Amino acid sequence: MSASQIPPATAVPGDDVPTLLVKIFGKDRPGITAGLFETLAAYSVDVVDIEQVVTRGRITLCALVTAPSPGQGSTGSAEGDLRATVHNWAESMNLQAEIISGRGDNRPRGTGRSHVTVLGHPLTAETTAAIAAAITATGGNIDRIFRLAKYPVTAVEFAVSGAETASLRSVLAPEAAQLGVDVAVVAAGLQRRAQRLVVMDVDSTLIQDEVIELFAAHAGCEAEVAEVTAAAMRGELDFEQSLHARVELLGGLDASVVEAVRKEVRLTPGARTLVRTLKRLGYQVGVVSGGFTQVTDALQEELGLDFASANTLEIVDGKLTGRVTGDIVDRAGKARLLRSFAQQAGVPLAQTVAIGDGANDLDMLNTAGLGVAFNAKPVVREAAHTAVNVPFLDTVLYLLGITREEVEAAETHVG
Ligand SMILES: [Mg+2]
């Protein structure tokens, strides 16, 4: 089509243009949308907006169309004629119809747009009321609501405009903690859909275990190591000192223990689904761990991770020496590695997601565009952008706006 053939644009009416809002409600079946628009087509109206949802088999279809020109129809009143025809059609289909006259389109949405994702297990009416009221209290308007998933949790996303993302976060975080649900607030926009990088902690995040405790069980010093780990995770001990102290207790262990520990590692429920879905969607995925490359290398291979970094247990003459080699991956190291992975992946930090549970994850969580505290210690939960407190790692996908249907499509994808 050449430029001279492009018809003048008429689809976006000004505020003064008469429009009709046509709402259809009833039992869903094939052909309703086609039937409504075929009925409207007889009046040569233009479509300004359409929204349709199906909830438990009932369709709600809203069509905003320009009012018909006075010449249309057979009775002299084009709008009256259209109304009667649509009502007759709806009655013949056993549907309810409502037609509201007005002018123009929606008011433009306010600036400052965010997505608020709520994970409930279950999601109660009381929680929904409290979240909606908190959004309203920030001056935000809920433009759309839809369900992302019903498994393994109920996940609902609110599209909100008119409030700053940061102020929504600060109002909703304490509300969520009080209600016992997980709420994530992320800025809307293209970057939400742009390719991203997800970097995870390993111990008690990607896997259910603390790897050093698995080694300690083989060395018979489980209780001593567990106490040092707990103190470090509470932020009471310097991580590097505690690492050296714990690894020293492993000195003299036979290197064959490494293989035994690899076999003992239990992935967190949803871990495989999370990684597989992210990979299918073109995300890059990495892990950083204060644990050991002897385990993270195996996880990298098993899960197809793009990046993995951890400390390395020194092994000499078939025995653990009780020392680690190379640069120590500690709290600052994890944040540094996130930056490094992001640079290698060509992903701006704003488009990165970090997930972790411990105090040594905090710098990484706060360096990422979205930091997710996963079943974390209180000190971490309170400092992170958002928290997930259900024991399923794949629920993080819902915070990124990925629906259960997309997750399942990635699972069945051949390739
Ligand atoms: Mg951890």
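A helix crossing is left-handed if the near helix is turned anticlockwise from the far one by less than a right angle, and right-handed if clockwise. H6 and H9 cross right-handed. The model is predicted: local features need pLDDT of at least 70, side-chain atom pairs count only at pLDDT 80 or more, and totals for chains, interfaces and linings use all residues. Residues are numbered from 1 along each chain as its sequence is written.

**Helix pair H6 and H9**

- Helix H6 covers residues 211-219 and helix H9 residues 256-264; helices are DSSP runs (H or I, at least four residues), numbered from the N terminus.
- Their axes come within 10 Å and cross at roughly 130°; axes are lines fitted to C-alpha atoms, with angles from 0 to 180 degrees between N-to-C directions.
- That makes H6 oblique to H9.
- Val211, Leu214, Phe215 and His218 of H6 meet Val257, Ala260, Val261 and Glu264 of H9 (contact: C-beta atoms, placed from the backbone, within 7 Å).
- These contact residues divide into 6 nonpolar, 1 polar and 1 charged.

**Open sheet**

- The sheet is open, has 4 strands in the order S6-S7-S5-S8, and pairs antiparallel; strands are DSSP runs (E, at least two residues), and two pair if DSSP finds at least two bridges between them.
- S6 (141-149) and S8 (182-187) are the edge strands, each pairing on one side only.
- From one strand to the next, the twist averages 20°.
- S6 and S7 (residues 154-161) run antiparallel, joined by 7 bridges.
- Ala149 has Ala155 in S7 as its bridge partner.
- Helix H3 (residues 125-137) packs on the sheet and touches S5 (113-120), S6, S7 and S8.
- The direction of H3 makes about 160° with that of S5.

Methods: Angles under 35 degrees count as roughly parallel, over 145 as roughly antiparallel, 65 to 115 as roughly perpendicular and the rest as oblique. Two residues are in contact if their C-beta atoms, placed from the backbone, lie within 7 Å. Ala, Val, Leu, Ile, Met, Phe, Trp, Tyr, Cys and Pro count as nonpolar, Asp, Glu, Lys and Arg as charged, and the others, Gly among them, as polar.
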